[in-house]
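Trainee: Please show me the model. I would like to ask what stands behind the labels.

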Amino acid sequence: MKNPLKKIFDDTKPFFTGDGKYKKYEPIWDATKTFFFLPSQKNSFMPFVRDHLDLKRYMSIVVLSLLPVTFFGIYNTGYQAGIGAGESWPVTQCFLVGACYVLPIIIVSYAVGFAWEFLFAVIRGHNISEGFLVTGLLFPLTLPPTIPLWQVALGISFGVIIGKEVFGGTGRNILNPALTGRAFLFFSYPVSMSGDVWVAGKHLVDGVTGATALSVTGAGGQSITAALGDAGYSLGQLFTGFVPGSVGETSALCCLFGAAILMVTRIANYRVIIGGIAGLVITSVIVYLIPGGQESWSNAGPLYHLCAGGFLFGISFMATDPVSAPGTNPGRWIFGAAIGFLTVIIRVGNPAFMEGVMLAILFMNVFAPLLDHLVLKYKSSKRIPNV
Amino acid sequence: MKILKISRGFDLNVAEQPDLNCAQLALPSSLGCCAGDIPHIRPKLLVKEGQRVKTGDALFTDKRDTTIQYVSPGTGQVEKVIYGHRRRLMEVVIATESEDEYVEYDPVDLDGIIDMPRDALVTVLKKGGLWQGLRQFPALDFADPDHSPALIIVVMDGNDIFSPRPGIILKDNITAFEAGMAVLRRFSNRLAVVCRKSSLEGIREQSSSVADQITHAAPDIYPAWLPGAVLYQIKQQAAENSTWYIRLDHLVMMGRFLLSGRYPVEKIVTITRPGEQHPHMRVRQGMPLSALIGAMPGNSIVTTGRFNGRVLEKDAHIGFFENTVNIIETGPEEEMFGFARPGLDKPTLSSTFLSSLFRRPANMDCTLHGETRACINCSYCERICPNDLMPSFIMKALHAGELEDALALGLMDCCRCGLCSFACPSKIELTRILSDAMDAYYKDKQ
């Protein structure tokens, strides 16, 4: 028996292809159809056998690796709202309340982003690229749960158009589109993106600040670790993620889990992640060893730097975006290490932008082509010329 | 013997290994001389339809060097001449007679080959239709006899994973092999004889003296034994870029031709088909496909190599350079939620399917498994390229019109193994792009 879904696509095919009435909208029809039915045409040029991995699966694995972070983010948003309300909510309530805040952000991000994606595909006559499945989920995970939805729409629009489409679409962008969108919101609407915005709901309890761990500093000679402990940011909490922060970044554990999926499946390049963590650890140890600055983040040590803020989220999911990262292996090591280095330097040296990862990654995105160029030049010089 | 090392390549199990027996096939009613599988040739027809030819008579030649002849593999009438796109000569088909009549040359013995003037040797090989078995890097055109190559590579194994085993080709042909080697020694004083590790045993069984002449063993990772990959492993200086190479079956043919004075018409062919094991087959040059495989399964294509080769039409004849026939089935054309399946039976280089947990023979079909997308810089092509190229960067340089950059990145070192296209998740035809660019550059330089 013929698959009924298949029948629908077969029946509507004449309208969208060839001389059909809605030929213009073929990319939309095609994207829907290929989502359900993976096309697989016969090869006519060598090699005649091909690997089964395609871009749809490639991007699906990234979405899969983001699920732990997403679910924990939803739970934690509810959990923090509960603390803010001064009550201790059961797990289901945490989830439900969290979902009420987070799901609308994700839905708006996908809806608005896909609208732009479709529009550009229709104008250009291109197929729709699966890359947006990832961008559309990454972007909301970098935002505070209190963000107004119109800002989400504006941010993802900026990310998709200026971060990607103006360069020619997926595969040609120099910056990570999700981070471009976040950077736009960060600088355009700083009130929504900093200060006491990281806890959703009404704050009924005094002392619950709703600021992230990164904004904590020791006052009056108190060391930074003691100050963090006083504020409720112990290392254990920072690692598991039961702290205020943007939706996806708080749990180092879930980020590491996602990073493991990406590295094991070889979707993300491990060099970026390992290089990044190494860069951060080495730099933070060096900064730690420099005397003075007891009360600032320079004295926090590598573990706090790893677990606080969005570093692990950024290095696992943002920096590993293959398009905006370097395409050569030595380039990837340097790229990752430089992000780790810059993250610490920005956190320590520039308290105005405590969250250094976003700027570090965007900054290194710009330098990725230069890294590639240098590596290629070096590699070419090692080859026996064949001209 | 040196062991070549290769860190990258295709190392999956594949089912369909051919049987090591050898079956003799009868003379078919038609034989073809193909021009479709000869790189760079500009064929010029020398016969007319209806004309009777003897075995070894020239059928067509190459306009670029008319002394190189492509000869008839059988005796009989020229049945038809098949033209392809833009009236390019594709095949000359001979209706065979049961009795062979040969064009006779003076037989030469081993000492005779050593004493023969080099020019005379080249002339007789060109006329006999065997010179074109010697190919010259980097474009794999026929060898230029005026050039003294720094190195000649003899490859014992063919272009495919399941090409005929050298042990079977060598059977009863040891003296022909020695004669062929004597010819090669006339052109270069450095020969590299390369063999797959798994073929060594079979060669040793035939003759330990041949096995002793093997200088390099290649691991059983495709394409470690392909001449382009071998050259990249062993070359030390730019002078070796224009190395020659010859395949074992052509070398043996050369030897047999010189020793007997007749065009050698036999060749060994393997056929691989899913779920079946066929023996090696001893057949005539130019055998029609229909006589080799019988009825062709409906949903499949026939190729002369899984990773490199061409698609054969139903009524095609096997070419001079082809000795492997792959029948590859078409997979499901559209798979529901194909991208989200666990994939126990889906061979892949990534670890995104469950099949990567188990090492079992992979069933490979001839479909694309996805749609073409933009390059996302994932480096899967670089990870698998045996010659340390970065195909994605070369492709981008070519698209930007930066030929110099592409050449500096090693474009001409590409061995056309097809693995970059195989691995690309964006389904970009990298092999085609690189291969076309190499040919265009070579043509431009001539």
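**Labels and their cut-offs**

Trainee: What makes B:Cys415 count as buried?

Mentor: B:Cys415 has a relative accessibility of 12%. Buried means under 20% relative accessible area, exposed over 50%, and partly exposed in between (1.4 Å probe, protein chains only). Since 12% is under 20%, B:Cys415 counts as buried.

Trainee: What kind of model is this, and how are its parts labelled?

Mentor: This is a predicted model, in which local features need pLDDT of at least 70 and side-chain atom pairs count only at pLDDT 80 or more, while totals for chains, interfaces and linings use all residues. Residues are numbered from 1 along each chain as its sequence is written, chains are lettered from A and ligands numbered from 1 in the order in which they are written, and side-chain values use heavy atoms, with hydrogens and water left out.

Trainee: Is B:Cys417 buried or exposed?

Mentor: B:Cys417 is buried, because its relative accessible area is 7%.

Trainee: How do you know that H3(A) and H11(A) are roughly antiparallel?

Mentor: Two packed helices are described by the angle between their axes and the distance between the axes. Helix H3 (residues 55-84) of chain A packs against helix H11 (residues 252-264) of chain A at an angle of about 170°, with the axes 9 Å apart. That angle makes H3(A) roughly antiparallel to H11(A). Angles under 35 degrees count as roughly parallel, over 145 as roughly antiparallel, 65 to 115 as roughly perpendicular and the rest as oblique. Axes are lines fitted to C-alpha atoms, for helices over the stretch in contact, and angles run from 0 to 180 degrees between N-to-C directions. Helices (H or I, at least four residues) and strands (E, at least two) are DSSP runs, numbered from the N terminus.

Trainee: Which residues meet there?

Mentor: Among them are A:Ile61, A:Val62 and A:Phe72 in H3(A), and A:Cys254, A:Phe257 and A:Leu262 in H11(A).

Trainee: What is A:Trp333 called, buried or partly exposed?

Mentor: A:Trp333 is partly exposed, because its relative accessibility is 35%. A:Trp333 is in helix H15 of chain A. A:Trp333 touches A:Tyr270, A:Arg271, A:Ile274 and A:Gly275, leaving out residues up to four places away in sequence; contact means heavy atoms within 4.5 Å.

Trainee: What makes A:Arg332 count as buried?

Mentor: A:Arg332 has 3% relative accessibility, so A:Arg332 counts as buried. A:Arg332 is also found in helix H15 (residues 329-349) of chain A. Beyond four places in sequence, the residues A:Arg332 touches include A:Asn269, A:Pro326, B:Asn377 and B:Cys378.

Trainee: What does the record say about A:Thr212?

Mentor: The unreviewed UniProt entry covers A:Thr212 with the annotation "modified residue: FMN phosphoryl threonine". UniProt positions are given in the numbering used here, feature names are shortened, and annotations may be inferred rather than shown by experiment. In the model, A:Thr212 is in the loop between helix H8 (190-193) and helix H9 (224-230) of chain A. A:Thr212 counts as buried, because its relative accessibility is 14%.
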